[in-house]
Amino acid sequence: MPAELESKLEELARAAEVATDVAGTMAAVDAIRWRYLGKKGELTALLRSLGSVPEAERPRLGALANEVRERLTAELERRRGELLKVQQELEFASDAYDVTLPGIPLRLGCKHPLTQAWEGLEDIFIAMGFSVVEGPEVEWDRYNFELLNLPKGHPARDMQDSFYITDEILLRTHTSPVQLRTMERMAPKLPVRIVAPGRVYRRDDDPTHTPMFHQLECLAVDVGLSLGDLKGTLLQFARAWFGPQTTVRLRPSYFPFTEPSCEVDVTCSMCRGAGCGVCKGTGWLEILGAGMVHPQVLRNGGYDPEKVSGFAFGLGIDRAAMLKFGFGDLRLLFNNDVRFLEQF
Ligand code: FA5
């Protein structure tokens, strides 16, 4: 009986070792472990039969069985390690890439032409001593119209129909309300020298008029400011933005909040004044509305028109970008077509 058990143990050890050596997967290794070493495994069954062996033989056979268990456990671990290594090598090989291959080129972005115009214009006016302020896009009727001499029912309101939130609150139609907000904040301090860029909204929609567009408001208030100061500032700006050859032309116009008022043209940046398709043969391009601040508007802002005067203008930033960069349809700025935007 002991001899039989001993040879069974040896046979089991040999069979298990051969099976382990040829196991090709982790699952196969686990199956061998269960088959021989598991609770219901073959080695466990042999150990149970030790009880029927004469007592004197039991320690030796017990030790032999333990040795078989340890050997088998070590063998299984060894095989598992080998298989893991093979598996990792396969994974590394499939992950490998050729570092000498050319890379995927990164597409470099650029600033939106409007942002370039907005920042470029700000820089010009900052260099002339103006500071940059902001006003709300959702504005009181009072600031957008009434304090600018445009009471309810005034016919000049028709040119700036807007999007109303209530009877008294609207999306601002121009940046001119920032004139009032600034004067209210600063009065009676002098001088006032600000530019206020920002979004404005109107019920407009054609190639040169979009329902949302951008203006840059300029306001200066001081003792003794004249139309000459306005013209000098405009000329300085026009030369900085369109080039040193540029001249400006003031045409009489009407805005309820300036007196006198003018439309301002600059020499056409395409033909330098000779006349072309862009300027419709005139040699001039209309760029902004301007004037001397109306005495009542100065009063509304907290300044005494007997003592101080001011000039103001409102420039279309989109229009300034269109004329400088030479494209014909303002709507291109808002279509998000990269083929257009990346040209600037
Ligand atoms: C005004 O908005 C006056 N607030 C300007 C002003 C300010 C006058 C201070 C006097 C003193 P106007 O409606 O002309 O004026 O607009 C000014 C500029 O905004 C225009 O010259 C044009 O460049 C631009 N503009 C007007 N409507 C649109 C539009 N729908 N889309 C794009 N640009 C526009």
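Q: Which residue in β5 is the bridge partner of V195?
A: This is a predicted model, in which local features need pLDDT of at least 70 and side-chain atom pairs count only at pLDDT 80 or more, while totals for chains, interfaces and linings use all residues. Residues are numbered from 1 along each chain as its sequence is written, and side-chain values use heavy atoms, with hydrogens and water left out. Strand β4 (residues 192–201) pairs with β5 in the antiparallel sense over ten bridges. Within β5, V195 has as its bridge partner C218.

Q: What is the strand order of the open sheet, and which are its edge strands?
A: Strands here are DSSP E runs of at least two residues, numbered from the N terminus, and two of them pair if DSSP finds at least two bridges between them. The open sheet has seven strands with mixed pairing, in the order β1-β4-β5-β9-β8-β7-β6. Pairing on one side only marks the edge strands, β1 (131–132) and β6 (248–255).

Q: Which residue in β9 is the bridge partner of Q215, and which that of G289?
A: β5 and β9 are antiparallel and share eight bridges, while five bridges join β8 to β9, also antiparallel. In β9, Q215 is bridged to G316. The β9 partner of G289 is G314.

Q: How many of the residues of β9 are buried?
A: A residue is buried under 20% relative accessible area, exposed over 50% and partly exposed in between, using a 1.4 Å probe and protein chains only. S309, F311, F313 and L315 point one way from the strand, G310, A312, G314 and G316 point the other way, and all are buried. The buried count for β9 is therefore eight of eight.

Q: Which residue makes a side-chain polar contact with T173, and at what distance?
A: T173 sits in the loop between β3 (169–171) and α7 (177–186). T173 has a relative accessible area of 0%, so it is buried. Its side chain is joined by a polar contact to that of N144, at 2.9 Å.

Q: What is the radius of gyration of the chain, and why is the chain called more spread out than a compact globule?
A: The chain has eleven helices and nine strands. For 344 residues the globule rule gives 20 Å, and the chain is well over that value, so it is more spread out than a compact globule. Its C-alpha atoms fill a box of roughly 130 × 45 × 35 Å along the principal axes. The radius of gyration is 44 Å.

Notes. Helices (H or I, at least four residues) and strands (E, at least two) are DSSP runs, numbered from the N terminus. The radius of gyration is taken over C-alpha atoms; the globule rule is 2.2 Å times the number of residues to the power 0.38. A polar contact is a pair of N or O atoms within 3.5 Å; within protein, one must be able to donate a hydrogen and the other to accept it, and residues adjacent in sequence count only if both atoms are side-chain atoms.
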